[in-house]
Amino acid sequence: MPIVLPEDPFHRRLHHIGPGGLTSETAQTGGMRRRAAISGATVGSSRLWMGQTHVAPATVSANHHHGDSETAIYVVSGNPSFVFADIEGEEPVEVRINAKPGDYIFVPPFVPHREENPDPDLEAIVVIARSTQDAIVVNLDDLTWTGPVLTSR
């Protein structure tokens with residue numbers, strides 16, 4: 001006879017998502033392929049999104065930001081670059097972070113950026129974790145987007 005656990009916060013099931021269980025039913029940016037593993041749609045997550053991003057060889061993504069979501073990135077393979085505009089000086093300066101496997105990148109909320117894969121032969125794969133259940137992606141014309149005036153909550 002199977003054990004039936006009560007539906008309370010302490011007795012819910014864990015979810016296992018293997019590589020074949022990732023879905024491309026998530027927000028996309030040109031030049032990249034995002035695949036969701038943990039999300040509201042896949043496992044009922046309410047405050048977290050996690051998945052993979054694949055950046056093809058010799059590819060530059062569109063400029064974008066992730067709304068009010070914090071984004072953590074772990075480089076699995078390849079040597080992707082993460083590009084943003086430093087607007088604190090007199091003129092905006094494009095800054096490039098060249099990453100390698102084992103590196104972590106943190107992208108604060110609303111920061112315009114893009115991913116690049118300069119390698120002509122090797123795909124770059126990164127694992128992404130976000131502080132929202134959905135993969136918020138706002139595609140932009142350029143990195144100097146300043147967005148709407150934000151108020152504190």
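## Threonine 59

Let's start with one side chain: the backbone oxygen of proline 57 lies 3.0 Å from a polar atom of the side chain of threonine 59. The backbone oxygen of alanine 56 is 2.9 Å from a polar atom of that threonine 59 side chain. Polar contacts here are pairs of N or O atoms within 3.5 Å, one able to donate a hydrogen and the other to accept it.

Threonine 59 sits in strand 3 (residues 59-60), a strand being a DSSP run (E) of at least two residues. With a relative accessible area of 14%, threonine 59 is buried, meaning under 20% with a 1.4 Å probe.

## About the model

This is a predicted model, in which local features need pLDDT of at least 70 and side-chain atom pairs count only at pLDDT 80 or more, while totals for chains, interfaces and linings use all residues. Residues are numbered from 1 along each chain, and side-chain values use heavy atoms, without hydrogens and water.

## The largest cavity

The largest cavity holds about 40 Å³ of space.

Its lining includes Met32, Arg34, His66, His113, Glu115 and Ile128. Strand 1 (32-38), strand 5, strand 9 (113-117) and strand 10 each give two or more residues to this lining.

## Isoleucine 128

Ile128 also belongs to the largest nonpolar core, which has 10 residues, among them Trp49, Ile73 and Phe82. Such a core joins buried nonpolar residues through side-chain atoms within 4.5 Å.

Notes. Buried < 20%, exposed > 50% of the residue type's maximum accessible area, 1.4 Å probe, protein only. Helix = DSSP H or I, 4+ residues; strand = E, 2+ residues; numbered from the N terminus. 1 Å grid on protein atoms, 1.4 Å probe; cavity = no way out; pocket = protein on both sides within 12 Å on 5 of 7 lines; lining within 4 Å. Points joined across faces, edges and corners; volume = space filled by probe spheres on them.
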